Amino acid sequence: MSPKDRESLGDFLLRAPAVGPALALVVAIVVFSLATDTFFDLDNLSTVVQQSLVVGTLALGQTLVILIAGIDLSNAASMVVATLIMAKLAAAGTNGFVALLAGVVLTIIVGIFIGGLATRIKLPAFIITLGTFTMLTAVSKLIAGGQAVPVTDGVLQWLGTKRYLFGGIPITYGMTLALLMYLGVWYALTKTAWGKHVYAVGNAPESARLSGIKVNRTVLSVYIVAGLTFGIAAWQALGRTPNADPNQFQLGNLDSITAVVLGGTSLFGGRGSVLGTLMGALVVAVLRSGLTQMNVDGNYQDLATGALLIAAVVVDRIARRQQQS
């Protein structure tokens, strides 16, 4: 490939970062469909999508944070605490809607806490969320008391309710909600002034400030909206598995980052899309499902996922260098 062709490819990837993960998703589906007899089946494909819902919802909030050149290592821990609070309240006889609201409010408060430290004290997001992750992990174990909490409330399980589209395609309410959330965030990022401010802050915060954008307010709003999505991820988790367990989703934070980066969102901020994140979450789910059906050990699955993450970051770095040269 000539230097001119490489430059054109880099520019194309920068303009359309979702194309790469979309092609990777198609290739993965084709490969696993040929390698197994069970992968390309409506029930299995529906299961793959369902398996991606929790990480995909976490990744949606993570996308917003990474777009402003931040990071949130505590998103999955926040979600787990929310599931435990919802489950505990419901088990104590609290109305399901109230229990759900309490869990979502918690994750929003965590977002306000992180955003406040990031904007007022100017602490690095990595340090803030690493500390928050540690605290929330301990809180989840204290709340659970070493035991998982079963969930029987219909409201908390509602997103796992399955229906059949056109009489044969299994879908859940959780899948529908996730799609609506992605569409809503896509609209906010591409069609509103707030979305333009998010990208501007991620690209060059000082330039954004000089142009009149309230950088601190934008950063705080991003962490609040991200907190809201993490609360909904907790609802998704209970719909998927009606059991609140402090040991669940221990790598959910890393999985969400993997989905975001695989989706073409730059870890350096200012570039990316929620469509790419959706593709990235599906790539991770397809990869794990396909390798599981091929009887590949889970450790090798983690190895493959990690290799994909590094490859995605390398591609992003190369594309940015070509744009700057």
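**View 1. The largest nonpolar core and its most connected members.** Among the 79 residues of the largest nonpolar core, Met-86 and Leu-189 touch the most other members, and helix H11 gives the most to this core, with twelve residues. Such a core is a set of buried Ala, Val, Leu, Ile, Met, Phe, Trp, Tyr and Cys residues joined through side-chain atoms within 4.5 Å, where buried means under 20% relative accessible area with a 1.4 Å probe, protein chains only. The model is predicted, with local features needing pLDDT of at least 70 and side-chain atom pairs counting only at pLDDT 80 or more, while totals for chains, interfaces and linings use all residues. Residues are numbered from 1 along each chain as its sequence is written, and side-chain values use heavy atoms, leaving out hydrogens and water.

**View 2. The surroundings of Leu-189.** Once neighbours within four places in sequence are set aside, Leu-189 is in contact (heavy atoms within 4.5 Å) with Leu-64, Leu-67, Trp-194, Gly-195, Lys-196, Val-198, Tyr-199 and Val-274.

**View 3. Helix H8 against helix H11.** Helices are DSSP runs of H or I, at least four residues, numbered from the N terminus. H8 (residues 173-191) packs with H11 (residues 215-240) at an angle of about 165 degrees, their axes 11 Å apart, the axes being lines fitted to C-alpha atoms over the stretch in contact and angles running from 0 to 180 degrees between N-to-C directions. That makes H8 roughly antiparallel to H11, a term for angles over 145 degrees. Gly-174, Leu-177, Ala-178 and Met-181 of H8 meet Thr-229, Ile-232, Trp-235 and Gln-236 of H11.

Note on methods. Helices (H or I, at least four residues) and strands (E, at least two) are DSSP runs, numbered from the N terminus. Angles under 35 degrees count as roughly parallel, over 145 as roughly antiparallel, 65 to 115 as roughly perpendicular and the rest as oblique. Buried means under 20% relative accessible area, exposed over 50%, partly exposed in between (1.4 Å probe, protein chains only).
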